[in-house]
Amino acid sequence: MARKRQNGGGTARAALLAAVLPGLGLPGIALGQSLTPDGQTLPIYGETGSLFEGPSGPALAPTEDSDSNARFADGTEASQTPSVARPGSVRIQGSGDGDAASPATLLADQVTLDAENRLTASGGVVIWHRGARLIASRVIYDNDTGSAVIEGPIHLTEPARAGTPQETIVIADSAQLDPNMQDGILRGARLVLAREMQLAARQMRRSENGAVTRLDNVVASSCQICAENPIPLWEIRARSITHDTRTRKLHFDHPQFRALGLPIASLPWLTAPDPTVERMTGFLRPQFRTTSGLGFGIKLPYFITLGDHADLTVTPYVAASRTRTLELRYRQAFHNGAMEWNGAVSRDDIEQGETRGYLFGAGRFELPRGYLLGFQIQMASNRAYLLDYDISDADRLWSGITLDRVRRDRMVMARIGNYESLRDDEPDEFTPSVVADALWKRRWIPDRIGGIASLEWSLHAHRRSSSADKVGRDMARGSVGLDWQRSEILPGGVLGKVEGRVDADLYRINQDSDYEDWVMRADPTLAAELRWPLARHSGGVTHIIEPVAQLIWSPEREAEDDVPNEDSRLIEFDEGNLFSLDRFPGWDARESGFRANLGLSWTRIDPTGWSIGLTAGRVFRTDPDPAFAYIDGSDNPAFTGPQGKTRSDWLLSATYQGANGLALVNRALFDDSFSISRNELRLGWFQPGLQVSAGYLWLDSDESENRRRDVSELTMAGGWQMAQGWWATTEARYDFTADRAQKAQLGLEYRNECVTVEMSVQRRFTSSDELRPDTSFDLGIRLGGFGQQKAGPGTVARRACLR
């Protein structure tokens, strides 16, 4: 039979009965702002969800994991950084939004209008209105009373929202609507929210123009339910469940929680967010934790929204007769930045009668003219407290403010703050506490001579709390550097470069009788470099060979120009700085004398996607550089280390990059007798079901770097897909010199469509006057369907229903 189409006001209202889908418009989406550590705390702007007032009773709310700490270049760690909402919102209209009385489209095998003014559509009825699509067997609409009866099976969706968090599906056996065509009763109904939460009831009632949906004698679950095995992993049965599309909340009346069909717990009422909510006042998922120092305990976080710009998380932590801890986290966003504060106060049996705690705070703000202002505050009772409560592995804390601005051709950075060392071998009175730095740098292209020129100004000052001679030394420095370099392509494809640099410093040294109070010095440097890149392409394979020769001269430093080396104690020698004018990381020490940097690199690029590369090089000097020497027990300079002699150790670096996600890097330093002084091996292998990162480090003892013992250490971290839904992680660190492990951790996560279970066990082997070995076990369970949840690693296990 031919299908007929009829449009009109009466038909529009008949079609509008299909609008039992909760909420035809998308809720407001708040613009968000977050901060993340990157050397220092830096802002990243993203999006977060809208905020709503908290419920009147107990609630469930989504949770999130804190950002991992990132180290500063000086060894300190950044505080946990905020991820908070930002004031203001943007309204996004659904594709089907429009006038409620707008015409509808009706498709049916047969449409009739009888003498009693009733419109009947039957046979594969499909009605489109305001983006909603209704599929039913039969629709009877009474033009006189405005009531409508729908015979099922009924299937109601919004195709434009398919696959989005706002997607809602209604399935029912039959329905009867009120004259407003929004409210009514559906029998044998099932409501599916965001393809996650399913609610099945004998009867569903719509009210308040479709904003409120009430289901009676209802079962709710986010688990897959099969006809041959209808018992879900977990479910909530209730007398009624009310869903409000305006607040996006689910209210349960006398809910009973069941696992595998067995009753577990009952409550008089419960309020929870629907799957579209990102932030809502309420309890977050509990965390169960057992440690050898604190015993069995539980954390129960309570999340409080303070408008769309701030929130507070209060987390009581109680362990069996061992600890009473209160953790707090406060986050707030402003129109030009954000900040976050984390802290805790504890009383436990580890240090009886003592109150311990910590406070970490960080913020970042945009100022006019492109400046960024940041602050950080870090305080802790001791390092043992941070480790006992799994807060941070930091052993140095920094508190202060920063100011910076970076442009294409210039940069300004300033930083002042206080260091606090938590290490046993660094007494606070002998380590710099107050440190200030400032840097201004500009680059430009000179008009007549070409090339690239740069000018740099820097200031530095630090102070120790001790007033003792030498060990209480205080210093201040002002420096200026002017650099110019130019490259040209010479005949035969040779790339030539010349470079000149002048550095001048003025030092003020206090409380050190080994040095003058005022020291002024200037270090000019001249360099010439030749590179000859050669390439060959055959059979799809590309080979690139590049020999490099660099000659550098700077005058040898006089004894009266010596200053304490405070910022250049750890020196790297690798392929990244093989052809650098100066390999010292700071200003206090610089290379001098006549030297030649020679190297050769080879790269093979295969058309199948893998590549391999080798780099070899060495530094030759006319005389040993005093900057690499240290004073031995007889007050004589001793030249040791990879760069302490006239000929440096050989540098050999090999890299491999595979098309299968495997990457290998090995870097070695060895002398003419092939005695290895340093070796570093890095491995990474990343595939959808496998993530491995491992490294091995060997360092010879070196008095010039205050390393009195050899270092031989293996580190490893990995994750792999054990089975569908099962993801395992591991992390380990082993010290071969001490012949003992330092840390071992094993984690296991199971995820299916309705539940996530996370377990981890960790053993810390560190031992000192303050620290003791500790073993901890953590367990967390999160139910799906309540609030938006971030996707985890690996796959999700889903029940397969037989058909």
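1. Asp244 is buried, at a relative accessible area of 17%; buried here stands for under 20%, exposed for over 50%, and partly exposed for anything in between (1.4 Å probe, protein chains only). Its partner is Arg246: the two side chains meet in a salt bridge, 3.1 Å from N to O. Arg246 is partly exposed, with a relative accessible area of 46%.

2. A quick word on what you're looking at: this is a predicted model, where local features need pLDDT of at least 70 and side-chain atom pairs count only at pLDDT 80 or more, while totals for chains, interfaces and linings use all residues. Residues are numbered from 1 along each chain as its sequence is written, and side-chain values use heavy atoms, with hydrogens and water left out.

3. What counts as a salt bridge? A side-chain nitrogen of Lys or Arg has to lie within 4 Å of a carboxyl oxygen of Asp or Glu. Searching the whole structure turns up 46 of these salt bridges.

4. Have a look at Glu426 and Arg396, which form a salt bridge with their closest N and O atoms 2.6 Å apart. This pair links distant parts of the chain, 30 residues apart: Arg396 is in strand S28 (residues 396-406), and Glu426 is in the loop between strand S29 (410-421) and strand S30 (434-444). Strands are DSSP runs of E, at least two residues, numbered from the N terminus. Glu426 counts as buried, at 17% relative accessibility.

5. Arg486 and Glu488 also pair through their side chains, in a salt bridge of 2.9 Å from N to O. Arg486 is partly exposed at 35% relative accessibility, and Glu488 is partly exposed at 39%.

Definitions and conventions: Helix = DSSP H or I, 4+ residues; strand = E, 2+ residues; numbered from the N terminus.
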